[in-house]
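User: I'm new to reading structures. Could you take a close look at the charged side chains here and tell me where they sit and what they meet?

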Amino acid sequence: MFIVLLGLPGAGKGTQAAFLKDDLGLPHVTTGDLFRENISKETDLGKQAKEYVESGKLVPNDITIGMLLDRIAQPDCAGGCMIDGFPRNLEQAKALDKALEERGRAINRALYIKVSEDELVRRLSGRWTCPKCAAVYHETSAPPKAARICDNCGSELSQRADDKPDVVRTRLQVNMENMQAIIDYYAAQSNLCKVNGEQDAAAVTTALKGCLED
Ligand code: AP5
Ligand code: MG
């Protein structure tokens, strides 16, 4: 099964993927984490993407599409995967469909987690992430057991560079400009399922699982 997880920055894509991935037995592929990994390892791709990621702009399609298609061609994605953070524009959506079609596969479901702008800002300003295993926390709604220590791997948590208020504004604006076209694209394929992302995280997971049973 190939699933895309759609939602504006802070909607809970990473949070929900972490809940769903064991249940569904699907790897979680996230373009944001792939970029951050390449940036921290100072690869050529990381050097090309750094300026865009840190300023909250979209990385150009010629870099992003190749990276995502290479990732989903890996053996662990042979039976499908959950794709978080891609597509972010129509060119990306069409490139993904074309690559899957060439493998005789297709997107089975596009899950859209809808959250209001005020709540997105609240979530991003209180988010802490694990730089080692990418686990996601929030200082009030999902705190770690020990202050600023990852429950999963014991590493010290940090705040993402792109969660600074001015960068958050750019990210929201850039993503809002493109979101409707992507939603319309998957709705036209009858693949879209929209859930209310402003419930507690467990209720969102239940709603998303409901989408996959339809
Ligand atoms: P990426 O890392 O994907 O960032 P994003 O889309 O801005 O999304 P986030 O990861 O910030 O939010 P999320 O929806 O995963 O929310 P989370 O679960 O963490 O991309 C980073 C950058 O890479 C982009 O800006 C761009 O530069 C580049 N990039 C990536 N993909 C690209 C592409 N396809 N094309 C071009 N460029 C690309 O949750 C957020 C917070 O809320 C957490 O603290 C969490 O604990 C809390 N929370 C979650 N759910 C709930 C809930 N139900 N109730 C209360 N709190 C909650
Ligand atoms: Mg994320």
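Analyst: Happy to, and one idea comes first: a residue is called buried under 20% relative accessible area, exposed over 50%, and partly exposed in between (1.4 Å probe, protein chains only). This is a predicted model, in which local features need pLDDT of at least 70, side-chain atom pairs count only at pLDDT 80 or more, and totals for chains, interfaces and linings use all residues. Residues are numbered from 1 along each chain as its sequence is written, chains are lettered from A and ligands numbered from 1 in the order in which they are written, and side-chain values use heavy atoms, with hydrogens and water left out.

Let's start with lysine 209. Lysine 209 is partly exposed because its relative accessible area is 31%. Its side chain meets that of aspartate 23 in a salt bridge, with N and O 2.6 Å apart; the term stands for a side-chain nitrogen of Lys or Arg within 4 Å of a carboxyl oxygen of Asp or Glu. Lysine 209 belongs to helix α8 (residues 201-213) and aspartate 23 to helix α1, so this pair ties together parts that are 186 residues apart in sequence. (Helices are DSSP runs of H or I with at least four residues, strands are runs of E with at least two, and both are numbered from the N terminus.) Aspartate 23 counts as exposed because its relative accessibility is 52%. In the whole structure, a search finds twelve salt bridges.

Now compare a pair within one helix. Arginine 122 is found in helix α6 (residues 117-125), and glutamate 119 lies in that helix too, three residues apart from it, about one turn. They form a salt bridge whose closest N and O atoms are 3.0 Å apart. Glutamate 119 is buried because its relative accessible area is 17%, while arginine 122, at 33%, counts as partly exposed. Not counting residues up to four places away in sequence, arginine 122 also touches His138, Thr140 and Ser141, where touching means heavy atoms within 4.5 Å. Serine 40 is another matter: its C-alpha atom and that of arginine 122 are separated by 27 Å, and the two residues are 82 apart along the chain.

Glutamate 119 has a salt bridge with arginine 123 as well, at 2.8 Å from N to O. These two residues sit four apart in helix α6, which means about one helical turn lies between them. Both arginine 123 and glutamate 119 are buried. Elsewhere, Arg127, Arg160, Asp162, Asp163 and Arg171 are joined into one network by salt bridges that share partners.

Which charged residue is buried yet has no salt bridge? It is lysine 13, and its nearest side chain of opposite charge, aspartate 84, is 4.8 Å away. (For charge, Lys and Arg count as positive and Asp and Glu as negative, while His and the chain ends are not counted.) Lysine 13 lies in helix α1 (residues 13-24). Its side chain reaches the backbone oxygen of leucine 8 at 3.3 Å. That is a polar contact: a pair of N or O atoms within 3.5 Å where, within protein, one must be able to donate a hydrogen and the other to accept it, and residues adjacent in sequence count only if both atoms are side-chain atoms. The residues that lysine 13 touches, leaving out those up to four places away in sequence, include Gly85 and Ile113.

Ile113 leads us to the inside of the protein. It is one of the residues with the most contacts inside the largest nonpolar core, which has 52 residues. Such a core is a set of buried Ala, Val, Leu, Ile, Met, Phe, Trp, Tyr and Cys residues joined through side-chain atoms within 4.5 Å. Helix α7 (residues 165-188) gives the most to this core, with seven residues.

One of its oxygen atoms lies 2.7 Å from a backbone N or O atom of tyrosine 137, and a nitrogen atom of ligand 1 is 3.1 Å from a side-chain N or O atom of serine 141. Serine 141 is also one of the residues that arginine 122 touches.
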